[in-house]
Amino acid sequence: MNLISRLIERRLELPPPLTRDLAVRRDLRVPMRDGVELLADRWAPRAGGEALPTALIRCPYGRRGLLAQVLARPLAERGYQVLIQSTRGGFGSGGAFDPLRQEREDGLATLDWLIAQPWSGGSIVLVGMSYLGYVQWAVVDRLPPQVKAMIPQVSESALTLEFLREDGLSLETPFEWGALIAVQERRGALLRRPFQTRRVRRALSTLPLNRADVVAVGRRSAYIQDVLARPAGDPRWAGLDHRHRVAATSVPVSSIAGWYDIFLPGQLRDFRALQEAGRPARLTVGPWTHASFTNTAVIEAVEFGLACARGERPPERAPVRLYVTGEETWRDFSSWPPDGYPERRLHLQPDGGLSAAPPPGSEPDRYRYDPADPTPAVGGVRMSGGGRADNTALEARADVLTYTTEVLDADVEVVGEIGAEIWFRSSLAHADVFVRLCDVGPDGRSVNVCDGLTTLSSATTLTRAGVRLWPAAHRFRRGHRIRVQVSSGAFPRYACNPGTGEPHATATTLRAADQAVHHDPGHPSAVILPAGDIAP
């Protein structure tokens, strides 16, 4: 066990290992149905590994390095043998890497091969985060009986399609990921990561965006180009959506999500599909971003996965376990979304107020949005640099409106799906509406809870813009205040709206817009919260 492994184990606070004496068989060749061979490494205790369940990890980021130390080694020391495979076209595996497209056929072929190995142990648990979770959903409706459980983390069954929503094009995440996979096998890629990150940041401000990938990685990225130019219904994405397979799973699923994860809405959708189909499933949502370094996957694999693999009942717990921010504690619920949180509306008021009372007659609030100086993303749902943040500087900008309740005289708990209806008009037809929910403490510090963005194409007409915010579980403490921000962007999380209607991929002209937010009896803008009683 090397120094890095010891530091990781100490950081993750893992349960004690059963053994430290591991053997690693490198570069096992796994044949696919078209004759391509994928490479895999097998981690197992030196003695008795053949009798253990196999944790299968299929990964596009390589079989060694940090992933092996964070996931493969800890599991092999705690009751598993582990097969970690490089997906097609990467790190020695044959074929060409076409993101997401080949994972169903390759995953099924890998399972067939694994079951036939004399050392396979007779039971399999699928484990992994992000792309490593997506590959699990790709095969979920054709699992052989040897597969006993799935543990997808910060992942969902449609993945890239979340970035392609017509009501807000995600920019930062697909660019960061596209750049990562484009350069990850270059010599010295890990040492060059800080430099690469700076190049990606510059690229996000490049126009037109369909040339920005050259700035980021030095050449064209097919994935980035496709995200920019091909909407969700384009044939390019056919076969990549596995939502229809979720309810057909035959094994228990323990789903691990994060409140600030890029895939949270889809992961909650998948969990609801499992619940509605009566499948055995449980959900854990913590205060994490996509890249948070946590021990949850290993602990779930040991406590939940091993029990399922051995035909035992996992430790009892409620189906849903949520970390309630604001209260800063874990709570158990029977379902998602939980019962007992009826929708309550807080209406935007004149002079920056926010309350349950209907708004009086009033003039709209106005601001000017300039895509040449776009409203920045601060914290929130991002691959890196996200999570909870101080919004004080953001809210001081002239292009951000805020609406705030009086000081709460009792705690208010919000748990579930959150939305907003904003009556909005722009001087340009094409505009975005970004809404963020914040918790303002007694010291005046405003901390983001959740947010969302929608895109309008006829905004010169007064429009009721419906905005889907990220789900949340948050307690606003007595003495705090609830705040809603309204603006027209969060760059570079979302591509800035050029205001011209040009496609994002080729737009080069940026037009500033004058925006108006209405809050009067005929146009009652509001945030919609699943909450208990709210102080006036």
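Predicted model: local features only at pLDDT ≥ 70, side-chain atom pairs only at ≥ 80, totals over all residues.
The structure contains 7 cavities of 30 Å³ or more. By class, the lining of the largest cavity comprises 5 nonpolar, 3 polar and 5 charged residues.

The second largest cavity has a volume of about 70 Å³. Among the residues that line this cavity are Leu56, Arg58, Leu111, Val127 and Val135. At least two lining residues come from each of strand 3 (54-59), helix 3 (103-116), strand 5 (124-129) and helix 4 (131-137). Helix 4 contributes the most, with 3 residues. The lining of the second largest cavity consists of 7 nonpolar, 2 polar and 1 charged residues.

Attention now turns to the backbone. Most peptide bonds are trans, and most residues other than glycine have a negative phi. A cis peptide bond, with omega about -10 degrees, links Trp336 and Pro337; Pro337 is placed in the loop between strand 10 (329-333) and strand 11 (343-348). The bond from Phe491 to Pro492 is also cis, with omega near 10 degrees, and Pro492 belongs to the loop between strand 21 (481-487) and strand 22 (513-518).

Positive phi values occur at Leu100, near 80 degrees, and at Asp351, near 60 degrees. Leu100 lies in the loop between strand 4 (81-86) and helix 3, whereas Asp351 lies in the loop between strand 11 and strand 12 (354-355). With a relative accessible area of 3%, Leu100 is buried; Asp351, at 80% relative accessibility, is exposed.

Technical notes:
Residues numbered from 1 in each chain as written. Heavy atoms only, no water. 1 Å grid on protein atoms, 1.4 Å probe; cavity = no way out; pocket = protein on both sides within 12 Å on 5 of 7 lines; lining within 4 Å. Points joined across faces, edges and corners; volume = space filled by probe spheres on them. Nonpolar A, V, L, I, M, F, W, Y, C, P; charged D, E, K, R; others polar. Helix = DSSP H or I, 4+ residues; strand = E, 2+ residues; numbered from the N terminus. Buried < 20%, exposed > 50% of the residue type's maximum accessible area, 1.4 Å probe, protein only.
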